[in-house]
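Colleague: Hi! Could you walk me through a fold, starting from one residue?
Modeller: Happy to, here it comes.

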Amino acid sequence: MSSNLYSFSSTTLSQLKKFRFESARVNKPQALIYKETNEIKQEVDDTIDSIEGLVEELPDNSPRYILLSYPIKTKDGRLQSPLVMLYWIPPTSNQANRMLYAGAVEQFRDKAGVSKLIKVEDEDDFEDIEEQLV
């Protein structure tokens, strides 16, 4: 079921596609943060290149969607950069914001072209993010 409540500009769709292809070739974490206003759009203009930097950019009281490429070494030594969606829902966010973001999770996931979704509710959850990727 598609919804007309959530829109994606052509700029946002281009950014998602560009990030998906470019992030596969880097050796450090890469992240983009997206927020819901009248449309879903990138919140920070630059790509964030560390988990610590990502945590610093996240608001304390509002959900966000995060597109994360996180390079990991497989057991056989190969480098992989899985692309995942993080769904940031801090415990201090109000119910209206939670509902707004919950309604577009699957649509954003589809537009971003990711198969894995990880719900993150606390900054401490980022400490074990790598274990959740494999």
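Predicted model: local features only at pLDDT ≥ 70, side-chain atom pairs only at ≥ 80, totals over all residues.

Colleague: Is Leu 32 buried or exposed?
Modeller: Leu 32 counts as buried because its relative accessibility is 4%. Buried means under 20% relative accessible area, exposed over 50%, and partly exposed in between, with a 1.4 Å probe and protein chains only.

Colleague: And where is the place of Leu 32?
Modeller: Leu 32 sits in strand 1, residues 30-36. Strands (E, at least two residues) and helices (H or I, at least four) are DSSP runs, numbered from the N terminus.

Colleague: Which residues is Leu 32 in contact with, leaving aside neighbours within four places in sequence?
Modeller: Among them are Gln 15, Phe 19, Tyr 65 and Leu 67. Contact means heavy atoms within 4.5 Å.

Colleague: Switching to the sheet, what order do the strands have?
Modeller: This open sheet of five strands has the order 2-1-3-6-7, with mixed pairing. Strand 2 (40-42) and strand 7 (116-120) are the edge strands, each pairing on one side only. Two strands pair if DSSP finds at least two bridges between them.

Colleague: How many bridges join strand 1 to strand 2?
Modeller: Three, and the two strands run antiparallel. Tyr 34 has Gln 42 in strand 2 as its bridge partner.

Notes:
Residues numbered from 1 in each chain as written. Heavy atoms only, no water.
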